[in-house]
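Me: I would like to learn how to read a protein model step by step. Could we take one feature at a time?

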Amino acid sequence: MRAFISLNLLCDESISKVLADLNSIGVKTVNSNQLHITLRFLGDIDKKHVDNISKAVEATADEFHRFDMKINKVGTFPRKDGSGIVWIGSDDQTVIDISKKLDELLYSNGIDRENKPFKNHVTIARPKHDIKDINEYLNSREYHFKEQSINSMFLMSSVLTPAGPIYTIEKEYPLISDNL
């Protein structure tokens, strides 16, 4: 199973505006019902590791309260060939703390550490070219995002298809509710 751990977002009107702007200049965006922050990409995992992964995600979720996250950035991660990723992101420290704790607990449950630094972002498009022009276009626009309520972490599976990835929630891990 190809898997990752995420915080899933809703596509509200503020995010829809960015997606519509990108579509208006010919950039194909990701499916609006698949928006998420990847806390940890696991790749192809053996079913026998799912229990250990699940323990780590559950223990992480049990340490963090539900919170509201403010998206406050739009940008690109360019590649040398002119392609890249268009993203929206946040400076929210709680997301960074969750990612660090998750990495610790995954490691203590036998899963190798992440080999690259965590980047708090949501991929919204994967253009094949003109990423520099897209970045300039986005920088010329002004976006005002609404807060996103983050209530759970998710173990997701991913199947790659020619039409794009298909994500399935394998398990939801609720964060601590203040309404006990």
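Me: How many Å² does the accessible surface of the protein come to, and what percentage of it belongs to carbon and sulfur atoms?

Reply: Bear in mind from the start that this is a predicted model. The accessible surface of the protein comes to about 10,100 Å², and carbon and sulfur atoms hold 49% of it.

Me: What share of the residues is buried?

Reply: A residue is called buried when its relative accessible area is under 20%. In this protein, buried residues make up 46% of the 180 residues.

Me: How many helices and strands are there, and in what pattern do they follow along the sequence?

Reply: The protein has four helices and nine strands, and reading along the sequence gives the pattern β-α-β-α-β-β-β-α-β-α-β-β-β. The radius of gyration is 17 Å, close to the 16 Å that the globule rule gives for 180 residues, so the protein is as compact as a globular protein of that length.

Me: Which residues of helix H4 are buried, and why do they line one face of the helix?

Reply: Helix H4 covers residues 131-139, and its buried residues are Ile131, Ile134, Tyr137 and Leu138. Seen down the axis of H4, these buried residues fall within an arc of 115°, so they line one face of the helix. Lys132 and Asn139, on the other side of H4, are exposed.

Me: What covers the buried residues of H4?

Reply: Here one looks for contacts, that is, heavy atoms within 4.5 Å. The cover for the buried residues of H4 includes helix H1 (13-24), together with strand S4 (73-78) and strand S5 (84-89).

Terms used:
Residues numbered from 1 in each chain as written. Predicted model: local features only at pLDDT ≥ 70, side-chain atom pairs only at ≥ 80, totals over all residues. Heavy atoms only, no water. Helix = DSSP H or I, 4+ residues; strand = E, 2+ residues; numbered from the N terminus. Rg over C-alpha atoms; globule rule 2.2 N^0.38 Å. Buried < 20%, exposed > 50% of the residue type's maximum accessible area, 1.4 Å probe, protein only. Areas by Shrake-Rupley, 256 points an atom, 1.4 Å probe, with all protein chains shown as cover. Arc of directions from axis to C-beta.
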